[in-house]
Amino acid sequence: MTARISLTPPRTLLNRIGSWYSRRMYGEVLDPGLAMGHNQKVLLSYVKLERSVAKWNALEPGLKHLAVTAAAARINCSWCMDFGHWEGGELGLPLDKISKVPRWRDHRDAFSELERLVMAYAEAMTETEPAVTDELAAALLQPLGEAAFVELTLMVSLENFRSRTNSAFGLTSQGFSDACAVR
């Protein structure tokens, strides 16, 4: 599938800086940034949002990553899944475990009870209509605490935004998972 929007935005100062930063951080320029580069206000706002979110630390990074990956898998965003494999490796998470997230129910023994609850919550939030139950929220609030629960909820919401945007743009795998030997 080809992207629905050109991945060659105008060569503005912001886009040039963004491309330099992206290459430095990730080894190549991220396609979502190129797509958003057609609207400088949108790109700048999105970068500010992501930079702010990167500072959140109430939720353990492994749980956060599992939630984001489960939401991306539920939406079937191949770009997000590809980048997520690479990102999980950068976090030091076992790549074999990350590769099981899309079908975690078939691999229950690979995940702790809390991890399974986090992924179930991410999927329930991602449903259209959201399907979060009082019982599921309560099961997470107790072990996580309110601050981490809020962070989990907003991370899943943000991943829904990312995945749905990337899917609508027609963005597909950019080859990040190839760099970490995930099938």
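Visitor: Which atom does a side-chain oxygen of Glu-60 reach at the start of α4?

Guide: Good place to begin! This is a predicted model, and in it that oxygen comes to within 2.8 Å of the backbone nitrogen of Gly-62. A polar contact is a pair of N or O atoms within 3.5 Å.

Visitor: How do you know that the length of helix α4 agrees with its number of residues?

Guide: Let's work it through. Helix α4 covers residues 61-75, and at 1.5 Å a residue its 15 residues should span 21 Å. The end C-alpha atoms are 21 Å apart, so the two values agree.

Visitor: What makes α4 "mostly covered"?

Guide: Buried means under 20% relative accessible area, and 12 of the 15 residues of α4 are buried. Among them are Leu-63, His-65, Val-68 and Ile-75. The buried residues of α4 pack against α5, α6, α7, α8 and α9.

Visitor: And which residue follows α4?

Guide: That is Asn-76, whose phi is positive, near 70 degrees.

Visitor: Why is Cys-77 called buried?

Guide: The cut-off is under 20% relative accessible area. Cys-77 has 1% relative accessibility, so Cys-77 counts as buried. Cys-80 has a relative accessible area of 9%, and therefore Cys-80 is buried too.

Visitor: How many disulfides are there?

Guide: The count is 0 disulfides. To be counted, a pair of cysteine sulfur atoms must lie within 2.5 Å.

Visitor: Why is Pro-102 called partly exposed?

Guide: Partly exposed sits between the two cut-offs, under 20% for buried and over 50% for exposed. Pro-102 has 41% relative accessibility, so Pro-102 counts as partly exposed. You will find Pro-102 in the loop between α6 and α7.

Visitor: Which residues does Pro-102 touch, leaving out those up to four places away in sequence?

Guide: Pro-102 touches Ala-73 and Met-81. Pro-102 and Ala-73 are 29 residues apart in sequence, yet their C-alpha atoms are 5.3 Å apart in space.

Visitor: Now for α8. How do you know that its buried residues are on the same side?

Guide: The buried residues in α8 are Leu-136, Ala-137, Leu-140 and Leu-144. They cover an arc of only 95 degrees around the axis, which puts them on the same side of α8. In general, an α-helix has 3.6 residues a turn, so residues three or four places apart point the same way.

Visitor: What does the buried side of α8 pack against, and what does the face turned away carry?

Guide: The buried residues of α8 pack against α4, α7 and α9. The face turned away carries the exposed residues Asp-134, Glu-135 and Gln-142. Just after α8 comes Gly-145, with a positive phi of about 90 degrees.

Methods: Residues are numbered from 1 along each chain as its sequence is written. This is a predicted model: local features need pLDDT of at least 70, side-chain atom pairs count only at pLDDT 80 or more; totals for chains, interfaces and linings use all residues. Side-chain values use heavy atoms; hydrogens and water are left out. Helices (H or I, at least four residues) and strands (E, at least two) are DSSP runs, numbered from the N terminus. Buried means under 20% relative accessible area, exposed over 50%, partly exposed in between (1.4 Å probe, protein chains only). Contact means heavy atoms within 4.5 Å. The expected span of a helix is 1.5 Å times one less than its number of residues. A polar contact is a pair of N or O atoms within 3.5 Å; within protein, one must be able to donate a hydrogen and the other to accept it, and residues adjacent in sequence count only if both atoms are side-chain atoms. The arc is that of the directions from the helix axis to the C-beta atoms.
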